[in-house]
Amino acid sequence: MTKTFTLDGKTIPFEEGETIMEAAAAAGVYIPHLCHHPEFKPHGSCKLCTVNIGGRLGAACTNQAAEGMKVESETAALNADRLALTQMLFVEGNHVCPSCEKSGNCQLQAVAYHLGMLTPHFTHFYPARDVDASHPDVLLERNRCILCELCVRASRDVDGKNVFGIGGRGIRARLIVNAASGRLADTSMSVTDRAAEVCPTGAIIRKRHGFTIPIGKRLYDHHDIAEVPVAGIERPKRD
Amino acid sequence: MSDYDVCDLPGIVARWHHDPANLVQILRNVQESCGTIPSDTLDRLAKLLDVPRVRIESTASFYAFFHAESHGAYEILFSDNVIDQMAGKAELKQYFCERLWLEPRKLSEDGLVYVDDTADIGLADQAPAMLVNGFAVPALDKSRLDLVAELIRAQKPLAEWPPMLFEIPDNIRQPGPLTGEAFTPGAALKATLARGTEATLAEVDAASLRGRGGAGFRTATKWASCRKAEGRAHYVVCNADEGEPGTFKDRVLLNSHADLVFEGMTVCARVIGARRGFVYLRGEYKNLLEKLESVLARRREANLLGQAILGEADFDFDIEIHLGAGAYICGEESALIESLEGKPGKPRNRPPFPDRCGYRNQPTVVNNVETFACAAKIAEKGGAWFAAMGTPQSAGSKLISVSGDCQRPGVYEYSFGVTVRQVLIDCGAEDAHAVQVSGPSGTCISFREFDRRIAFEDLATAGAFMVFSRERDMFEVARNFTHFFAHESCGFCTPCRVGTSLLRNIMDKLAAGKGSAYDMNEMKHIMHILRGMAHCGLGHTAANPVVQTMEKFPEAYERRLKRLDFEPAFDLDGALATARLITGRDDEWAHLAEEP
Ligand SMILES: Cc1cc2nc3c(=O)[nH]c(=O)nc-3n(C[C@H](O)[C@H](O)[C@H](O)COP(=O)(O)O)c2cc1C
Ligand code: SF4
Ligand code: SF4
Ligand code: FES
C-alpha cells in the first residue's frame, strides 16, 4: 500500500525517504521555492518553501514526508511570510529588473509576481557587489545573487569542478570563485557546465544570449511560476 | 610566542595530519605564525591538502579572527558586550587610541598596532576586557591601558609582558557541588567501571540530568540514542564555545575543574563506545589552552586517558582540543561539528541530529562543559544524590554567571529553583531594574518579575545573568544585542541573514532619533518572520531582546520616536558625511537643515 500525507487537505502519495517538496511536485502541487532544484541535494536556505507540518513550521524541501502527516502550504499567513522573505531577497541585493537579461525567465521575479509583491517594502541595502565580466562566455553579476548555492552544488556535484563557493558570513556573505585572482576567467568554468544554467536569477548569464528571446515572450511573461513544471520535476527514478 | 617558523606551511599541515577536516586549526596556526592569512597561502594550502581553493577561502573568510590584511605586531580587540560598555569601554578605547595615535580599524602608520571591537569575550565579571593577540586582558582601566601602550611602544614581545595583566580570577562567589567540592581524578571512572556501563547510564537517567548549554535535553536519552546508533566510530564532543554574551561559567570550570569535565567526557566515551573526543574551545579562551593540555597530559600519565584506561583492555579514549576562531554560531551543535570538520560554521539540516549523524557523519554526543562536569559527579556519587537537588523538572545545581550592576559579579552555584530576587540579594544588586537571563537569546525580565525562578520550567538559562540598574537605558541594551546578532548571523538562511541586519538598522534609526511607530511594528513583523522561518536558534531568538524590551520598557522606545506614523530611513544629511570628511568641513553650510 502506498503511503500518503495530506497537503492542504489533498492526499499526496509518497515513497519512503521522499521530502514533502518532492512528493508534492510529483503530484503536481506547487510549493514556492528558490534554492530547491530536483536534481540537486536539498539545501534549505531560502526558506520560501516553509510549510506548516502538523503545527510546526519547517522547510518542505528538507523535511521528509511521513505517513498521515498534515501539511499546510497555501495559507494566507504562510504566503504573507513568503512574500516578506522574497522582499528581503530583493532589498539585500541590487535587482533592476527592467534592465536585466533574465527578466521574464527569472524565478525570483516570477515568485514575486506569484506572491503578489508590489513593492520591496523593506529599506534597500544597496550593497556594493562586484560584477565579473572576465570570462569569455559567462557573466557573473553578483548584484543579482540570492546565495541559493545551486551553482555551488552543480559545479561540485555534477561538473566535478568546484568553481563556486560562498565566502564571508552574515549579510556580507558573497559568491566566490575558485581562483586566486577572484576572476571567473581564471577558473575552469565552461559555458557548457551545468553550473552555467542552474542560476534561478540573472546572476550567472551566458554572454551573447541575453536577448535571443525578446522580453515579453519569455517563460514567466505568460505563465505563473506555479503552472510551469520545472524540467526534471517528475519523481526521480529509483531502482 | 609561536611554535612555527614564519609560515612553515608544510610543518603546520603535517602537524594536523594533512587532514582538511582540521582546516580551522591549520588556519589558526598559519595566522599565529604569519600574522595574517595571505591570499597565496590559500593556494599553497589547497595544494598541500588537495582540496579546492574555494573551500579554503570559504572557511578563511567566515571566521572573525582570520584576516588577509596585516593587523600589525599587536592586535587589540575590545570586548563589546553591553556590560563592557557600561563599564566604560568606549571611553577607554578612545583613550587608548589617542595614547597611541591611532584610529580603530586602521593599522597604525608604523604597522605596529591594530584596534577593533569583538563580541563578548567571556569576562563580563571583569569588564571591560580585551584580547591582545588573542590573549585576554581583564579589568581594564586607564593605568592598565597606559602600561599596555608603553609595552607596545617599547615593542616588547607578549611573552615578556607582566603576567599580572593576564591574570584572570575565577570569582567563584557561591560554591556548590561542582565548584566547591574536591574531586579526585579517576573517582568517577572507577565507579563507572565497577558499576558497568548500563548501570552508569541508568544513574545518569535517574539523576534526570538535562543539558546545561541551553536547550535542556535529557542527557541520558541523548547518550542512549548515540550508544544504540550504528557507525564506523562514535565521538564525544564537549561544547566549550561559550559564546553567549554574559556567560563565563564554562571558563571557570575549565580553569579550575578541568578534571571533572574531562572525566565526564571519558565516562560518556565508555557509555557510548567512543575512542576519540574533542573539546571545542572558543578562540577567546586561548589563554586556557596550555593549562588544559597539561591536565590532559597528566591524565594520560595517570592512565585516565589513552590506551586501556585504568587497565580495562577494551577502553581506549583520548581527547583533542580544537580552538574556535570568533564565531558565536559555532556554539550551535551542528555548526560546531561543521567547524570541527574544517568548514564554515553553518548549522546543518536536522534531523538527523548529531547523536546519529555528527562528526564525520558518525554518531556523536555533543554536551556542554557543565553537563559533562555534572555527569562525572553523577557517575561518582549516583543519580539519587543529584536528583535530590533542585526541582522535580530541573534536577541538580546550576552555575550562574552574574555581571553588570552589582557589587559581587562572578560565578554562583545554586540548586535549581532559586529566585531571581535571591541571586540579586546575594550579588549585591539592590538597585536592579532588569535582568537579562541567559544572554541576548534568553529572557529579559523587569523588576516586576524578580520572584521568578531559575529552572527549566520557568526561566531556562545557559547561565548568563546580566543585571541592569534603574539608570540603564534598556533600549541601548537591546540595540547592543541587535548588533551582536547581525554580526554573528552565519548568513545561511534568508530570514536571519537579512532580518538581523534590518533589525539592527531600524534600532540605529531609532537611536538617531528618526524612528516612528511604523518602525516598531516593522520590528515585530521581522520578529515574526525570524521566529517562524529561521533555520536555527540564533535566528529564532535574534529579535527577542527588542521585542521583550519593547513590551517591558516601552518608555525607553517612546522617548525616541520622532513621529508617531512614519519617518523615512534615508537620511539626506547623513549621505553628505563622506563629502564632509573628504573636504574637512563641518560648518553649518556643510549640513542640510532638518525640516521642522
Ligand atoms: C546560536 C546558538 C549558540 C549556542 N551556543 C552554545 C554554547 O556556546 N555552548 C553550549 O554548550 N551550547 C550552545 N548551544 C546549544 C547547543 O546547540 C547544544 O544544544 C548543546 O551544546 C547541547 O549540550 P547540552 O545538552 O549539554 O546542553 C547553542 C545553540 C545555539 C542555537
Ligand atoms: S549565482 Fe545564482 S545559482 Fe549561484 S548562488 Fe547566486 S543566485 Fe544561486
Ligand atoms: S538562523 Fe541565522 S545563524 Fe541560523 S542558519 Fe539561519 S542565518 Fe545562520
Ligand atoms: S526551497 Fe526550501 S528552503 Fe529554499
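Colleague: How many residues surround ligand 3, and which are the closest?
Modeller: Keep in mind that this is a predicted model. Ligand 3 has 13 residues around it, and the closest are B:Cys490, B:Cys493, B:Cys496, B:Cys536 and B:Gly539.

Colleague: How does that shell divide into nonpolar, polar and charged?
Modeller: Nine residues around ligand 3 are nonpolar, four are polar and none is charged.

Colleague: And which residues surround ligand 2?
Modeller: That shell is drawn from chain A and includes A:Cys145, A:Cys148, A:Cys151 and A:Cys199, along with A:Glu149, A:Pro200 and A:Thr201. By class, the shell of ligand 2 has ten nonpolar residues, one polar and one charged.

Colleague: What does the side chain of B:Arg497 meet in a salt bridge?
Modeller: A:Glu92, at 2.5 Å from N to O. The count between chain B and chain A is two salt bridges.

Colleague: I was also looking at B:Ser501. Where is it, and is it buried or exposed?
Modeller: B:Ser501 sits in helix α19 of chain B, residues 494–511. It counts as buried because its relative accessible area is 0%, and the cut-off for buried is under 20%.

Colleague: What is B:Ser501 in contact with, leaving aside neighbours within four places in sequence?
Modeller: A:Phe125 and A:Ile171 from chain A, and B:Ala486 from chain B.

Colleague: Last topic, chain A by itself. Into which domains is it divided?
Modeller: Domain 1 covers 3–74 and domain 2 covers 92–229. The C-alpha centres of the two domains lie 25 Å apart.

Colleague: What area is buried between them?
Modeller: About 1300 Å², with 63% of it from carbon and sulfur atoms. In domain 1, A:Tyr30, A:Leu34 and A:Phe40 lose the most area to domain 2, together 51% of what that side buries.

Colleague: How many salt bridges does the rule find across that domain interface?
Modeller: One.

Note on methods:
Residues are numbered from 1 along each chain as its sequence is written. Chains are lettered from A and ligands numbered from 1 in the order in which they are written. This is a predicted model: local features need pLDDT of at least 70, side-chain atom pairs count only at pLDDT 80 or more; totals for chains, interfaces and linings use all residues. Side-chain values use heavy atoms; hydrogens and water are left out. A residue is near a molecule or strand if one of its heavy atoms lies within 4 Å of it. Ala, Val, Leu, Ile, Met, Phe, Trp, Tyr, Cys and Pro count as nonpolar, Asp, Glu, Lys and Arg as charged, and the others, Gly among them, as polar. Helices (H or I, at least four residues) and strands (E, at least two) are DSSP runs, numbered from the N terminus. Buried means under 20% relative accessible area, exposed over 50%, partly exposed in between (1.4 Å probe, protein chains only). Contact means heavy atoms within 4.5 Å. Domain bounds come from an automatic or database domain assignment. Buried area is the accessible area (1.4 Å probe) that two parts lose on being put together, summed over both. A salt bridge is a side-chain nitrogen of Lys or Arg within 4 Å of a carboxyl oxygen of Asp or Glu.
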